[in-house]
Amino acid sequence: MEESNKEMLMIQKWLNQHNELYTSATRHPFTLSIRDGSVDLSAFKRWLGQDYIFVRAFVPFIASLLLKAWKESDDDSDIEVILGGIAALNDEVSWFKREASKWSVSLSSTVPQKANLEYCRFLESLMSPEVDYTVAVTAFWAIEAVYQESYAHCLSDGSKTPEELKETCQRWGNDGFGQYCHTLQNIANRRLEKSPEDIISKAEATLMRVLEYEVEFWNMSRGET
Ligand SMILES: Cc1ncc(CN)c(N)n1
């Protein structure tokens, strides 16, 4: 391993080593099509309905992370950070309902697609008490960071995001959420620094699984499955 990687924090090292996979999640054709204004609105509506189902499954996952933080964390401020995420989710669920009615998407009749079911099943597996807090908080950071990077890109220079999709992009692409993701990354790095080799490799494998599920989730908006 080259010298620079030794001082580098674990997450940064992994993002370098798995840059292709990270890019496939954060620069997916679906979000690139939002950024260049060519997005197929039926793909956007498919994504909206599926993501509402995911966010509902995300709630118990964050609740389980709060419990792991309470039991295992060496730093009490982690609990407040995670609590902030739970509070934001409360607002997020109502945002989905408003946005769905704006697009006449019926959330109650949306059927979870295969990629969604598999991702939610993976989330549920991370809720098990056997899964270490360090592994779970690394997953939490990755899940949030993919959306933050993807949607921030739809708002950055040169973007031609349609006006009616800007609010969606702002939801995850805003600077405040960017700060929040950096806070999560710091928590994950702090925990990884003190972790034994087996936990570190579990966290790396989990990060890669999250990125793969995120790519499949974006692919789902194409509506093939
Ligand atoms: C699939 C997915 N991944 C991440 C996020 C951001 N919480 C989301 N809403 N949906």
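How far is a nitrogen atom of the ligand from an N or O atom in the side chain of D51? In this predicted model, the separation is 2.7 Å, which falls under the heading of a polar contact (a pair of N or O atoms within 3.5 Å). A nitrogen atom of the ligand likewise lies 2.7 Å from an N or O atom in the side chain of E144, and for the side chain of Y147 the value is 3.2 Å. Of the 290 Å² of accessible area that the ligand has on its own, the protein covers 99% (Shrake-Rupley method, 1.4 Å probe).

Around the ligand stand D51, F54, V55, F58, Y119, I143, E144, Y147, W172, E214 and F217, each with a heavy atom within 4 Å of it. This shell holds eight nonpolar, three charged and no polar residues, where Tyr and Trp count as nonpolar and Asp and Glu as charged. Two or more shell residues come from each of α5 (41-72), α8 (133-153) and α11 (197-220), helices being DSSP runs (H or I) of at least four residues, numbered from the N terminus. The largest share, four residues, belongs to α5.

The protein has a mean pLDDT (the predictor's confidence in each residue, from 0 to 100) of 96, and 96% of its residues reach 70 or more. The model scores ipTM 0.99 and pTM 0.96. Residues are numbered from 1 along each chain as its sequence is written, and side-chain values use heavy atoms, without hydrogens and water. Local features need pLDDT of at least 70 and side-chain atom pairs 80 or more, while totals for chains, interfaces and linings use all residues.

Terms used: A polar contact is a pair of N or O atoms within 3.5 Å; within protein, one must be able to donate a hydrogen and the other to accept it, and residues adjacent in sequence count only if both atoms are side-chain atoms.
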